[in-house]
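Please open the model in your viewer and keep the selection panel at hand. The stops below are meant to be taken in order.

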Amino acid sequence: MTQASANLNIMIKAARKAGRSLVRDFGEVEQLQVSRKGPGDFVSRADMRAEEMIRTDLTEARPNYGWLGEESDEVKGADPTRRWIVDPLDGTTNFLHGLPHWAVSIALEHKGEIVAGVVYDPAKDEMFVAEKGAGAWMNDRRIRVSARRDTYEMIFATGVPFGGSPNLPATLKDLANLTPRTAGIRRWGAAALDLAYVAAGRYDGYWERGLNPWDIAAGLLLVREAGGFTGPIQEGASIFESRGCVAANTHAFETLTSIVRAS
């Protein structure tokens with residue numbers, strides 16, 4: 001990115017620092033797979049430690065901003081118009097199982113709108129960044145959503161809920177309706193990276209239910225700044241309120257949205 005704002009530079013620095021800590025923990029969690037106790041407690045500590053690092057860095061740099069994070073209580077800032085929205089470890093289950101597909105997600109919201117976003121994949125050293133009006137980037141390369149027009153040539157991503165989730169029946173219906181019309185569906189277990197991959201043209205579209213703001217805030221901006229469309233699954237609601245989103249290139253968005261809303 002040619003000229004990042006001061007805020008974005010702060011976010012990038014915080015994401016890299018937390019990412020280094022998580023990479024060290026990830027090396028240990030792989031060894032814990034063989035222990036009888038299991039790595040669950042260790043991963044939760046790694047998650048909270050990463051969030052504390054990010055929170056400290058961001059709060060020191062911008063003490064007046066609010067905070068919304070996965071692992072801690074929401075904080076109202078002295079500046080009520082701005083808040084950080086942070087997921088220190090998106091893809092926790094992958095991390096827990098030694099799968100190198102997880103990310104740090106940091107977004108900045110201003111007056112209810114996401115204006116800057118960072119999704120960092122430390123295992124692959126891929127830093128996805130976007131600012132409102134400035135495009136989307138992966139490391140130093142500008143990224144765009146795919147240009148594919150035919151759904152039969154497209155790959156879509158989603159999250160398949162666990163067995164007891166109330167969202168499972170609708171998601172299975174989505175898969176039944178969409179899969180025959182595509183080149184494939186992927187379920188890689190990290191919403192932030194799913195959205196980043198749509199922005200980079202690796203996926204043509206993504207949808208998922210049961211999401212929290214910290215899962216998707218940064219990724220949604222990446223898709224928009226890469227030329228894609230985003231919207232709620234529940235018509236008439238905001239994405240955060242409905243806890244479900246659709247994101248896709250311009251040719252796939254309407255088709256994907258209509259299929260998942262029918263479920």
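Select Asn 139 in this predicted model; the residue sits in the loop that links strand S6 (136-138) to strand S7 (141-143). Its phi is near 55 degrees, a positive value in a residue other than glycine. Asn 139 has a relative accessibility of 33%. That figure falls between the cut-offs of 20% for buried and 50% for exposed, so Asn 139 counts as partly exposed.

Next, go to Asp 125, in the loop between strand S4 (113-121) and strand S5 (126-131). Here too the residue is not glycine and phi is positive, near 50 degrees. Asp 125 is partly exposed, and its relative accessible area is 40%.

Now show the strands S8 to S12. In what order do the 5 strands lie in the open sheet? The order is S9-S8-S10-S12-S11, and the pairing is mixed. Colour strand S9 (184-186) and strand S11 (229-232): these are the edge strands. Each has a single partner strand, so one side of each is left without a neighbour in the sheet. From one strand to the next, the twist averages 20 degrees.

Within the sheet, select S8 (residues 155-158) together with S10 (residues 205-209). The two strands run parallel and are joined by 3 bridges. To find a point of reference in this pair, pick Ala 157, which stands opposite Tyr 206 in S10.

How do the two helices cross? The crossing of H4 past H8 is right-handed.

On H4, the contact is made by Asp 174, Asn 177 and Leu 178. On H8, the residues are Leu 256, Ile 259 and Val 260. By class, the contact of H4 with H8 has 4 nonpolar residues, 1 polar and 1 charged.

Definitions and conventions: Residues are numbered from 1 along each chain as its sequence is written. This is a predicted model: local features need pLDDT of at least 70, side-chain atom pairs count only at pLDDT 80 or more; totals for chains, interfaces and linings use all residues. Side-chain values use heavy atoms; hydrogens and water are left out. A crossing is left-handed if the near helix is turned anticlockwise from the far one by less than a right angle, and right-handed if clockwise. Helices (H or I, at least four residues) and strands (E, at least two) are DSSP runs, numbered from the N terminus. Contact means heavy atoms within 4.5 Å. Ala, Val, Leu, Ile, Met, Phe, Trp, Tyr, Cys and Pro count as nonpolar, Asp, Glu, Lys and Arg as charged, and the others, Gly among them, as polar. Two strands pair if DSSP finds at least two bridges between them. Axes are lines fitted to C-alpha atoms, for helices over the stretch in contact, and angles run from 0 to 180 degrees between N-to-C directions. Buried means under 20% relative accessible area, exposed over 50%, partly exposed in between (1.4 Å probe, protein chains only).
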